[in-house]
Amino acid sequence: MRRKALAVVICGLLGVLGTAVVAEPAHASAPLRTHAAERGKLIGTAVATSQLSNEAQYRDTAAREFNAVTAENAMKWDATEPSRGQFSFGGADQVMAFAQANNQVVHGHTLVWHSQTPGWVQSLDATQLRAATQTHINTVVGRYAGRIAAWDVVNEVFEENGTLRNSFWLQRLGSGYIAEAFRLARAADPTAKLYINDYNVEGQNAKSNAMYTLVRDLRAQGVPIDGVGLQSHLAIQFGFPSDLQQNIQRFANLGVDVKITELDVRMQLPSDATKLATQATYYRNVVDACLAVARCVGVTIWGFTDRYSWVPDTFPGQGAALPYNENYNQKPAYTAVHDALDDGGGPVDTTPPSTPGTPVASNATLSSITLNWPPSTDNVGVAGYDVHRALGSGAFAVVGTPASNTFTDTGLAAGTIYRYFVRARDAALNRSADSATITATTQPGGPPPPPPGNCRVVHTVSNWGGSNGFTASLAVTNTGTAPITNWTLAFAYTAGQRLTPPGWSATWTQNGSIVIATPLDWNRTINPGATINIGFNGTHTGANPTPTTHSINGGNCTTM
Ligand code: XIL
């Protein structure tokens with residue numbers, strides 16, 4: 001029964017009984033993500049890594065209200081590959097870990113853009129730029145394959161008049177760079193939805209017409225493009241794009257998904273009650289337009305609190321663009337988004353899908369395993385599956401979120417035993433029970449040699465007498481000839497050991513069996529020959545074997 005109807009019945013009964021107290025169902029004040037999930041939509045926010053690290057209220061709000069996140073800056077080229085071939089994934093990994101811990105979908109932003117792309121990329125000649133783009137997309141998209149729902153493959157490729165932006169990409173590679181980027185991204189992660197993203201394309205105009213034509217033509221040529229992102233950086237003084245829904249619908253009719261990817265609604269400061277009320281109607285209209293089109297998968301807001309927003313830095317004199325004010329108080333815009341998502345009594349789906357059948361592993365290669373399992377059923381529909389993997393006896397982590405009952409797990413070590421189980425989920429994020437757990441082994445034989453890490457790690461473990469605590473000390477030496485900057489050090493536990501945060505001299509996190517350290521400001525660079533000493537306390541039960549394999553930025557270190 002729809003809740004509105006139920007409320008009417010209850011109200012009627014109470015009326016007959018002579019007591020007419022109609023309370024809002026408690027559910028009405030549920031967080032945005034609860035309502036969005038019931039509508040089968042994503043409600044997302046951009047997140048900034050320093051705020052995630054430093055501010056509990058920021059973390060708590062992002063986790064409570066949103067079922068999707070986009071890295072505001074951490075996955076851009078200048079963050080992930082600041083100098084050629086030197087990848088730094090500290091921030092991107094942090095966003096991934098936050099999303100996984102909070103059961104959030106990740107939208108990857110962005111691969112090919114004229115902005116926030118380092119000078120070294122922009123100064124390459126055509127041949128080198130092609131090669132560097134291939135390496136970049138392979139490495140970044142490959143690293144998160146199966147764990148990122150969608151990537152903004154190209155961002156802001158149009159001028160306002162609808163011609164292609166005269167960027168270094170176009171100048172160096174010609175218009176073919178767009179199709180090439182999509183093909184590279186598909187090869188690196190066949191499961192991610194691949195998006196083209198832009199601003200000032202919310203209404204129908206020269207720019208969005210050009211985007212429409214390009215998406216149609218690329219798809220006709222077999223270029224793997226699955227989605228269109230409408231950034232939606234709106235301003236109340238410019239008016240609302242009243243044909244937004246129509247525009248979303250025409251893209252959807254091309255057979256692609258549509259997402260509002262970067263919503264904010266700015267105003268001339270100071271704000272006042274009238275402007276905030278107008279802003280709220282803009283937020284409401286955007287969410288309503290997305291809800292009205294089946295292929296609009298969701299709305300991501302570009303941050304959530306006015307305490308941290310790109311607007312005042314970019315548009316001087318403007319601001320107050322987000323649904324929470326600087327003190328994390330909800331503004332009318334929050335209520336507008338909430339009420340748009342809460343349909344006041346749509347059917348609430350609380351029935352989880354049936355338990356998936358036992359997975360069957362096949363096609364094991366040196367580095368991949370394919371799983372298939374008998375599908376689940378659901379009263380509304382199975383939206384997808386979460387594939388959980390553990391290394392040996394280690395902890396399980398989600399390694400893939402396929403839409404159907406098959407998944408190829410890649411990037412595995414040769415001759416290694418993995419365990420898997422799967423869980424089904426529906427659009428309301430009800431999850432099934434776990435399938436049976438199976439064991440699968442990659443083909444033996446030497447794995448392809450990992451890139452040299454140019455590093456040595458001396459890992460010393462001292463167990464505390466009479467308790468299950470221990471102290472781990474790692475001396476990390478740069479054995480190469482170039483400085484190592486923005487390093488990410490990783491190793492795996494094999495016996496269920498747990499890191500006790502925070503550790504010292506690095507930012508330490510643990511994800512399943514994998515422990516990751518990223519630098520503090522003072523040890524961000526390790527010069528050739530230099531050694532840094534980092535460590536943490538932890539707990540173990542039973543054996544506490546010292547990890548023997550360590551990597552820095554993906555390359556293996558020698559271990560002593
Ligand atoms: C912005 C970030 O919010 C800022 O922190 C950064 O300094 C500049 O970029 N369109 C995009 C986003 O695609 O990546 C931009 O994000 C905002 C405009």
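User: Which residues do ring pairs link into a cluster?

Analyst: Keep in mind that this is a predicted model. It holds 22 aromatic pairs. Some of these join up, and the cluster linked by ring pairs is made of Y58, F66, F304, Y308, Y324, Y328 and Y334.

User: What kind of aromatic pair do F240 and Y282 form?

Analyst: F240 sits in the loop between strand 7 and helix 12, while Y282 is in helix 13, 42 residues apart. Their ring centres are 5.3 Å apart, inside the 6.5 Å limit for a pair, and planes over 60 degrees apart count as edge-to-face. Here the planes are at 80 degrees, so the pair is edge-to-face.

User: Is F240 buried or partly exposed?

Analyst: The cut-off for buried is under 20% relative accessible area. F240 has 22% relative accessibility, so it counts as partly exposed.

User: How far is the charged end of R250 from the centre of the F251 ring?

Analyst: To sit over a ring, CZ of Arg has to be within 6 Å of the ring centre. R250 sits over the ring of F251, and the distance to its centre is 5.5 Å.

Definitions and conventions
Residues numbered from 1 in each chain as written. Predicted model: local features only at pLDDT ≥ 70, side-chain atom pairs only at ≥ 80, totals over all residues. Heavy atoms only, no water. Phe/Tyr/Trp six-rings, centres within 6.5 Å; stacked < 30°, edge-to-face > 60°. Helix = DSSP H or I, 4+ residues; strand = E, 2+ residues; numbered from the N terminus. Buried < 20%, exposed > 50% of the residue type's maximum accessible area, 1.4 Å probe, protein only. Lys NZ or Arg CZ within 6 Å of the ring centre and 35° of its normal.
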